[in-house]
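This report describes selected local features of one protein chain. The sequence and the structure come first, and the notes follow.

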Amino acid sequence: MNPLTLVQRLEHLNVRIADLALWAERVAFDLNDWTFNGRPLARGAAWPSREGVVRFAHPEIAVPDEWPLEHTRLDVDLGGEGLVHLRYRESEEGFGLNPFHQKFPVRERSFSVDAEVVARLPFGVPNPDPRLARARLLLFEPSLVRLLRLLGLTTATAWTLGEHEAVEGLVIAAEHAINALSWPSETSIYIGRLADAPITREIWQPPANPDPHPPGLSEGEIEEVEQAAGRLEQDLRALRERYPKHGVIALTGQAHLDLAWLWPMDETRRKAQRTYHTMVALMERYPEFRFHQSSAQIYAFLEQDDPDLFKQIQEKARAGQWEPIGGMWVEPDANMTSGESMVRQLLYGQRYFRRQFGSYHTVCWMPDCFGFTPGMPQILLGAGITNFFTIKPTWSETNKFPFDLFWWEGIDGSRVLAHMFDNPGNPDDRNLSGYNGDVSPGAIIGTWQRYRGKHLSHESLLSIGYGDGGGGVVPEMLEQARVLDLFPLVPELNFTWVRSFFERTRERIENQTLPVWVGELYLELHRGTLTSQSRVKYLHRHAERDLVAAEALASMCALFGGELPASLESQWQVLLRNEFHDILPGSSIREVNQTTERELSSVIEAAGAQIDRSLESLSRHAVPAGDQPALLLVNPDLSPRPIRAEIPGEFPGAQTVKGGSVLSDSRQVPGLGGATITSAAQSGDLEVTPGLLENAFIRVTLDENSSLLSVYDRRAGREVLAGPGNQLWAYVDKPRSWDAWDIEAGYERNGEPITRAESVRVIEEGPHRAAIRVERRFRSSRIIQEIRLWANSARLEFRTTLDWHDRHWLLKARFPLAIHSTRAAYETAFGVVERPTHRNTSWDAARFEVAGHRFADLSEPGFGVALLNDGKYGYHAWGNELGISLLRAPAFPDPLADEGEQTFTYALLPHSGSWLEGGVLMEAEDLNRPLLARRCSTESESHWQTLQIEGIKLGLGALKPLEDGGGLALRLYEPHGARGSVRVNLPAGWELGPELDLLEEEQGEANTAFGPFQIRTWRLQPGT
């Protein structure tokens, strides 16, 4: 009987395995004669410069004749991440260089090396001491490597199985294999082999290495190793017969290459080349290997940067080894992206993949996004995607998500098949967990044990490979996948296409009842990403709205008889890539945010130029010719709007303000139409003092610091507030981890109100708009608000300029309302999502910060109050209080997040009826994309409409040119959860064509009936 416990025996085995590993390299020799940017650099020397991309080169390396090429490796550590090219006489091969990929196979006996390298460690961390640390040619001992792999997997499986009765057999099999070996022990050889071992570095004064190249194993010792490996394989097979495998794990290789995060996008483009060269090389050597990569943007970059590699990827895709996946332009944030932007992610992504790889995709691959809007299932189905994959809900820190194989049902009732896996990871490598999986017994068995859907389908997915910063699969993972076939109780492993996995799963569940998750997939973590980097979010909102408006106006010109407009795809692509799930959430480094701000500003500028051209065209086609100065006002939205505009210069009847004029008018501008006016007409009385703002809709009373004491709705005859309104609060914002990502639960217990006003003065006195300017100071920062009220609206605006110079604060605006409701509604992609205002359960309490787009609303039957904004996404609703997050100031990964000045607007809107009946959607769109104005000359005032929608109230998704030409696409959605029909009235010469899916492919005759939250798209075509 062995006196040691099983745990002690396993520990002893691991010590013996580490000792055996000292002989895994048979022989090696150092490589000198390197150059750094063309100049000699000695092995071991520090880089002369760390800036930018540097180039290493070695002129020629000769493999000894007696070395088998299949057992020869180039082993280098050049001091950073890079792309290594091995160049032969008539060919070459590329490999990514990083801490996970440093040993490269060679094809021929003579080759040269060049490499492009940056002084960075994984995840963009600077290498403080980059140097040519290691450069060798080595010959490994294949039989010992095989035995070491078997032994390592045996002990790892035993550790993972814990107290299972099969563990004793595994330990005995490993002990028999090791005990069958006689091992070199001669002192000089042993000390030589120990020279580079970790234990040697802990000795006060290690002995001099008697032989820098100690001999390898003898032929007799190698024969013992081969016999021990064969015996161990036999024992494992016998154990497998006794303890059969349980379950199936479908493996797919991945590299989850974040488009930008802790490195700029230019570095991502280099990471892509490094990673994909390595993956293509692995496919040559492991024909069973399957690898997937999402994001059309990455492929488009690769087309430009490395067209030869791109062609190799296309070839591997045709051969079935490389799987393009996801169908989207990038893996976007799925909380803040609008419905129309989500459509364009799929429209331009799917079209790209069909063009370059021959087909559309059926799987949405979004493993790492921070929650998912309930509008997604319908949008996915409309673009041909029936399956959805993520793992992110497994990160929720409060409640365990109950399903991992389920139907995900959206707000309209649409369902997609969803799958998640919960990979516990590899305890020996913290970089391998979640979607960055390993082929280790811990990951394989652990994933299967945690799979709760196994009673529905006996197969789960597991993606393997180093990711986030690229890297991908390493050869050892593929070798282990082969060897684990021998093992008892380890699930069967098969490489697969993700698409095929979902197809097989659908066949198995065909006659079964799957659980259904209805509504959003809320992540109980990373709530701060709804607010971090507010400037980026503001520019994103405006780029979205301006592109939609630019397309609508250009299409209106076509409906008036002008030429069909060109696609704005190139501008949409810039917007879409900046919706990536570490860019739009504000969780990237400063360099990324600076680039994003420039790119989104360029989109806004380009959209503005298109709008100007369209306004000029409309002024010629829609305005009666004449010589009377006038103003053309165009409404790019579906709902009619009252005249409300801010223009440069003066205009008859308008109110002069700083920078131009403002006008508000009781007259309406039709949806997707316009009006020409020759003067502004006052639309009602306005009264303003430092303590009062009043029009025909509301009366606002303020205290001496301009906090709202009362907002009285004159139409409804009731008070709106239940306490002081527009309370500005600053909360200490220092999360336990994930600085830019997280807001801690209970943050509200450590905050302070910002009440005292340094100055209060009236700056606009009507008749069209009144405004009070309030200046406050918080520590080193300033808050300037213009509290504004238009003559023709109940919308009370807070135009806010922050000059921020403090770290780790969360700034919020709070409005206690005289409303009692257990649920609040928040705009989401093509609809609204309702969430509780109470904390009855842990699920309710976890939603203390939630996503909303242009508005949130708290309503009772017949009356409600909405909180609007033009670039914010984080809200809260506690009891009767609505609040909005205005700014966060984290210090990592951008130490200057939102430092300095920025301007935005939020607004309070009391309304009658439901939020849709009360005009909330119209007012929210008006705040975000005001009426478009152009000066012109006319014969008389007029108004016009290019097309008219009669019937149920709908929202506009898009009015745009078809991507393949020949007409226009009109996309409408039901925003409220109602049913009804509409009639589409078009101008002469145009007709309503067939219904389209979201990829603009025909789906049959036009259907004009809408169900709750339903999206419909039709072709508008010139009449015959």
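In the loop between which two strands does proline 893 lie? Proline 893 lies in the loop between β44 (881–888) and β45 (900–912).

## Basis of the report

The model is predicted, so local features need pLDDT of at least 70 and side-chain atom pairs count only at pLDDT 80 or more, whereas totals for chains, interfaces and linings use all residues. Residues are numbered from 1 along each chain as its sequence is written, and side-chain values use heavy atoms, with hydrogens and water left out.

Helices (H or I, at least four residues) and strands (E, at least two) are DSSP runs, numbered from the N terminus.

## Cis peptide bonds

The bond from phenylalanine 892 to proline 893 is cis, with omega near 5 degrees. A cis peptide bond also joins glycine 766 and proline 767, where omega is about 15 degrees. Proline 767 belongs to the loop between β33 (757–765) and β34 (769–778).

## Residues with positive phi

Histidine 526 is a residue other than glycine with a positive phi, near 60 degrees. Its place is the loop between β20 (516–518) and α14 (534–559). Histidine 526 has 3% relative accessibility and therefore counts as buried; buried means under 20% relative accessible area, exposed over 50%, and partly exposed in between, with a 1.4 Å probe and protein chains only.

Asparagine 726, also a residue other than glycine, has a positive phi near 55 degrees. The loop that holds asparagine 726 runs between β30 (718–719) and β31 (727–732). Asparagine 726 counts as buried because its relative accessibility is 2%.

## The sheet of β1, β10, β5 and β8

Four strands form an open sheet in the order β1-β10-β5-β8, with antiparallel pairing. Two strands pair if DSSP finds at least two bridges between them. The edge strands, each pairing on one side only, are β1 (25–30) and β8 (103–105). From one strand to the next the twist averages 30 degrees.

Strand β5 (residues 72–77) runs antiparallel to β8 and is joined to β8 by three bridges. Leucine 74 has phenylalanine 104 in β8 as its bridge partner.

## Strand β21 and its partners

Six of the eight residues of strand β21 (residues 628–635) are buried, so that the strand is mostly covered. Strand β46 (residues 932–938) is antiparallel to β21, with seven bridges between them. The partner of proline 629 in β46 is serine 937.

Strand β25 (residues 673–677) is likewise antiparallel to β21, and five bridges join the two. Here asparagine 635 has glycine 673 in β25 as its bridge partner.

## Helices α7 and α8

Two packed helices are described by the angle between their axes and the distance between the axes. The axes of α7 (residues 296–305) and α8 (residues 307–319) come within 6 Å and cross at roughly 130 degrees. Axes are lines fitted to C-alpha atoms, for helices over the stretch in contact, and angles run from 0 to 180 degrees between N-to-C directions. The two helices α7 and α8 are therefore oblique to each other; angles under 35 degrees count as roughly parallel, over 145 as roughly antiparallel, 65 to 115 as roughly perpendicular and the rest as oblique.

On the α7 side, Tyr299, Leu302, Glu303, Gln304 and Asp305 meet Pro307, Leu309, Phe310 and Ile313 of α8, where contact means heavy atoms within 4.5 Å. By class, this contact of α7 with α8 has six nonpolar, one polar and two charged residues. Ala, Val, Leu, Ile, Met, Phe, Trp, Tyr, Cys and Pro count as nonpolar, Asp, Glu, Lys and Arg as charged, and the others, Gly among them, as polar.
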